[in-house]
Amino acid sequence: MGVIFVNGWTDAPNAIATAVSTRVLRPNVAIGMAVAMNFFGALVMTFFNAQVAETISNIVSFDGAGNSSQIALAAALFAIVSWAVLAWWFGIPTSESHALIAGLTGAAMALGGLQAVNAAEWWKVLIGLLVSTVCGLGAGYLITKLIIFIFQGVNRIFANKLFTVGQAFSAMAMAFLHGAQDGQKFMGVFMLTLYYNNLVEKTGNGFDIPIWVMILCSVTMGVGTSVGGRKIIKSVGMDMAKLEKYQGFSADLGAAITLFFCSIFGIPVSTTHTKTTAIMGAGAARRVSSVDWSIVRDMILAWVLTFPGCGLIAYFMAKLFMIIF
């Protein structure tokens with residue numbers, strides 16, 4: 001639950017960053033909307049299609065180690081929370097999805113070596129990394145270009161009013177799909193904790209996620225989002241690129257479309273990665289210099305460091321926890 005809370009606190013604000021930066025929504029209103037839409041996204045999408053949760057629950061194995069399975073999994077979650085809070089402190093929008101995958105992998109390897117890693121499921125992560133980059137960037141860029149072409153002769157005041165409404169709805173869609181993607185990932189981990197405490201059994205390749213788990217995880221993520229995340233909103237929505245309302249709409253819509261199809265096909269992608277690349281695309285479509293590429297460089301560095309950094313923390317934390325406990 002701590003990991004889910006931190007995801008809502010540090011990751012979910014990405015979904016509403018552009019709507020706040022373009023002044024379509026006030027921060028408090030945007031956060032309230034994000035709380036509600038994260039909740040419904042996690043609940044509704046998991047009820048109809050839980051493939052993302054299944055992928056996460058099968059990406060590594062802690063099986064066959066008795067109490068050490070619980071200890072190693074606890075160490076992984078501890079490492080993920082530590083990494084996320086550190087990133088939040090510096091206002092860096094790291095991916096909680098990447099941290100989750102890296103933490104689980106590092107701890108599992110501390111327990112069972114490379115044999116503990118499911119290569120087939122890890123391929124989905126690498127595919128998701130490529131898809132979120134290409135599709136997020138491409139969708140943000142192309143939708144912005146299309147809007148510039150269609151609305152070049154339209155009165156600017158009318159267009160701004162139209163995209164104010166449009167961005168409010170696209171931000172809602174983005175928050176809903178953040179819940180659908182990240183909510184499922186963390187439900188998958190929650191089910192693992194129940195499994196290694198002998199409270200549930202696997203059915204086929206995954207779990208039948210009870211409705212109480214869906215509600216508990218959704219509410220916890222929503223509470224985390226309500227705590228804030230203003231540093232992340234500033235980095236993503238204000239510092240990285242100065243967007244107008246139609247660009248904010250394009251970034252939100254492009255990211256939401258990408259997340260929707262990835263959720264349908266069970267590909268675990270980073271909502272942070274998808275949203276920030278969509279913002280880059282929307283900003284660059286108007287003028288390449290409108291994007292602060294030094295901020296982008298810092299974000300990319302944080303993304304690159306997440307896999308080895310969080311993975312190593314989880315690996316050594318698992319070794320330490322097994323000695324202590």
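This is a predicted model: local features need pLDDT of at least 70, side-chain atom pairs count only at pLDDT 80 or more; totals for chains, interfaces and linings use all residues.
User: How many disulfides does the structure hold?

Analyst: A disulfide is a pair of cysteine sulfur atoms within 2.5 Å, and by that cut-off the structure holds 0 disulfides. Take C262 as a case: its nearest cysteine sulfur is that of C135, which is 6.6 Å away, and C262 is in no disulfide. C310 is likewise in no disulfide, the nearest cysteine sulfur, that of C217, being 19 Å away.

User: Is C262 buried or exposed, and why?

Analyst: The word buried is used for residues under 20% relative accessible area. C262 counts as buried because its relative accessibility is 4%, and C310, with a relative accessible area of 0%, is buried too.

User: How is a pair of aromatic rings described?

Analyst: A pair of aromatic rings is described by the distance of the centres and the angle of the planes. In this model the count comes to 13 aromatic pairs. One of them joins F260 and F261, whose ring centres are 5.4 Å apart and whose planes stand at 80°, so the pair is edge-to-face. F260 counts as partly exposed at 37% relative accessibility, and F261 counts as partly exposed at 46%.

User: What are the distance and the angle for Y315 and F316?

Analyst: Y315 and F316 form an edge-to-face aromatic pair, with 5.3 Å from centre to centre and 90° between the planes. At 28% relative accessibility Y315 counts as partly exposed, whereas F316, at 53%, counts as exposed, because the word exposed is kept for values over 50%.

User: Which residues form one aromatic cluster with F62?

Analyst: F62 forms one aromatic cluster together with Y195, Y196 and F207.

User: Which residues form the nonpolar patch on the surface, and which elements give two or more residues to it?

Analyst: The nonpolar patch on the surface is formed by F40, V44, F47, F48, I211, W212, I215, V219 and V223, which together have about 900 Å² of accessible area. Two or more residues come from each of the helices α3 (27-48) and α9 (211-227), and α9 gives the most to the nonpolar patch, with 5 residues.

User: Where is F47 placed, and is F47 buried or exposed?

Analyst: F47 has its place in helix α3, and with a relative accessible area of 55% the residue F47 is exposed. On the structure above, F47 can therefore be looked up as an exposed residue that belongs to the nonpolar patch.

Note on methods. Residues are numbered from 1 along each chain as its sequence is written. Side-chain values use heavy atoms; hydrogens and water are left out. Buried means under 20% relative accessible area, exposed over 50%, partly exposed in between (1.4 Å probe, protein chains only). Rings of Phe, Tyr and Trp (its six-membered ring) pair if their centres lie within 6.5 Å; planes under 30 degrees apart count as stacked, over 60 as edge-to-face and the rest as tilted. Patches are made of residues with over 30% relative accessible area and no salt bridge: like charges are joined within 9 Å, nonpolar side chains (Val, Leu, Ile, Met, Phe, Trp, Tyr) within 5 Å. Accessible areas come from the Shrake-Rupley method with a 1.4 Å probe; for residues, only the protein chains shown count as cover. A salt bridge is a side-chain nitrogen of Lys or Arg within 4 Å of a carboxyl oxygen of Asp or Glu. Helices (H or I, at least four residues) and strands (E, at least two) are DSSP runs, numbered from the N terminus.
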